[in-house]
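Open the model in your viewer and keep the selection tool ready. We will go from stop to stop.

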Amino acid sequence: MAAIFSLLALLALAAPGSALARANPADTLTYMPTELVHSSWTQAQVEGFLAGLDEYDIGQALLQMPRFKAKGTLQLPAVETQMLGVWAAAAASYNAAHGTGMTVTAVFNGQPKGKRLNLELPQTRANMTAAVESVLATGISGVQLDIEPYPTGPGFLALLEGLDAAFARLGFHGRLSVVAPAELSTWSPSYLRRVSELVDQVDPTFYDSEIESIPAYEEWVEQGLAYYSANASAHASIIPVIPSYAPDPWHDPKVEDIANATSALESALAQGSRIEGAGIWWWYAFYEERSRHLKTGPDRAAWLARTVELPFSP
């Protein structure tokens, strides 16, 4: 009898898809189609969108806000404000009914170049902080900054410090994340360290590399994740975002796709990199496959069979 129990225990440990091997849905994300927040939907419809995410073990729904204006101000249209509330309520309802942990993140975009955002100006940062604060009452559970080209000055760090202070003052305990550069030259080790001390999650984006071969792409991903693992604070999760979208001048989907990126993640984990989960850019192409230029069935299959089954870092 003892031998039987031992055999069963070994089989359980070896079984594919065990809880120890799978990604935590709280650490998987996707960027949602813009029309899902810029147009009106009922709570029941949004719960249907969340069910679609749940099928793929995705727990973070990222919703794009309009872009910051040059002085850091942001006028959020009434429909976006309403829909953030609907999404937050739908997530709470879906979680209660299904025992899941779906979260809704508002993504704030900006361009700090030319005559656009100047993060070194205190008033610009104050305006941006006020814009972020204005949506917290909708019930969202996450805030992401997507500032590209990636800022490298002290103003960005001061903005993150200001947001942390505002969240503490308002009692907001949701996740603060930042879109981050995949290449090694943009954020120095010390800069990356400080950014990651101020946020809960960094999302390096492994796409638009212009790389033309699969081995070179996988090596680029592995090197980037080794850099983040060596230099990011343990305070922040490292969630790489991998591509599923149609070709463009910077992106060849025969090279940059879910399967190849997953192979790179697997190798990076084997090499000791810290990777807590993964994200998809973007859900529109991955899930709905409206593009005649790309069939994303292989991406979906690779995500379900391989990506979420990786032995991610605890």
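Select Glu 197 to begin: at a relative accessible area of 34%, Glu 197 is partly exposed. Keep in mind that this is a predicted model.

Arg 193 and Glu 197 form a salt bridge, with their closest N and O atoms 3.7 Å apart. The two residues sit four apart in helix H7 (residues 189-198), so about one helical turn separates them. Arg 193 is partly exposed, at 40%.

Arg 194 is partly exposed, at 30% relative accessibility.

Bring in Glu 161 to complete the group: Glu 161, Arg 193, Arg 194 and Glu 197 are linked in a network of salt bridges. The structure holds six salt bridges.

For another pair, select Arg 274 and Glu 276. Their side chains meet in a salt bridge at 2.8 Å, N to O. Are these two residues buried or exposed? Both are buried.

Next, go to Asp 299 in helix H11 (residues 297-307). Asp 299 is buried yet has no salt bridge; Arg 300, the nearest side chain of opposite charge, is 7.6 Å away. What does the side chain of Asp 299 reach? The backbone nitrogen of Ile 258, at 3.2 Å.

Move to Ser 263 in helix H9 (residues 258-270). Its side chain makes a polar contact of 2.8 Å with the side chain of Arg 306. Ser 263 is buried, at 19%.

Select Glu 148, Asp 208, Glu 210 and Glu 212, which form a negative patch. Asp 208 lies in the loop between strand E6 (201-204) and helix H8 (214-231).

Key
Residues are numbered from 1 along each chain as its sequence is written. This is a predicted model: local features need pLDDT of at least 70, side-chain atom pairs count only at pLDDT 80 or more; totals for chains, interfaces and linings use all residues. Side-chain values use heavy atoms; hydrogens and water are left out. Patches are made of residues with over 30% relative accessible area and no salt bridge: like charges are joined within 9 Å, nonpolar side chains (Val, Leu, Ile, Met, Phe, Trp, Tyr) within 5 Å. Accessible areas come from the Shrake-Rupley method with a 1.4 Å probe; for residues, only the protein chains shown count as cover. A salt bridge is a side-chain nitrogen of Lys or Arg within 4 Å of a carboxyl oxygen of Asp or Glu. Lys and Arg count as positive and Asp and Glu as negative; His and the chain ends are not counted. The place of a charge is taken as NZ of Lys, CZ of Arg, CG of Asp or CD of Glu. Buried means under 20% relative accessible area, exposed over 50%, partly exposed in between (1.4 Å probe, protein chains only). A polar contact is a pair of N or O atoms within 3.5 Å; within protein, one must be able to donate a hydrogen and the other to accept it, and residues adjacent in sequence count only if both atoms are side-chain atoms.
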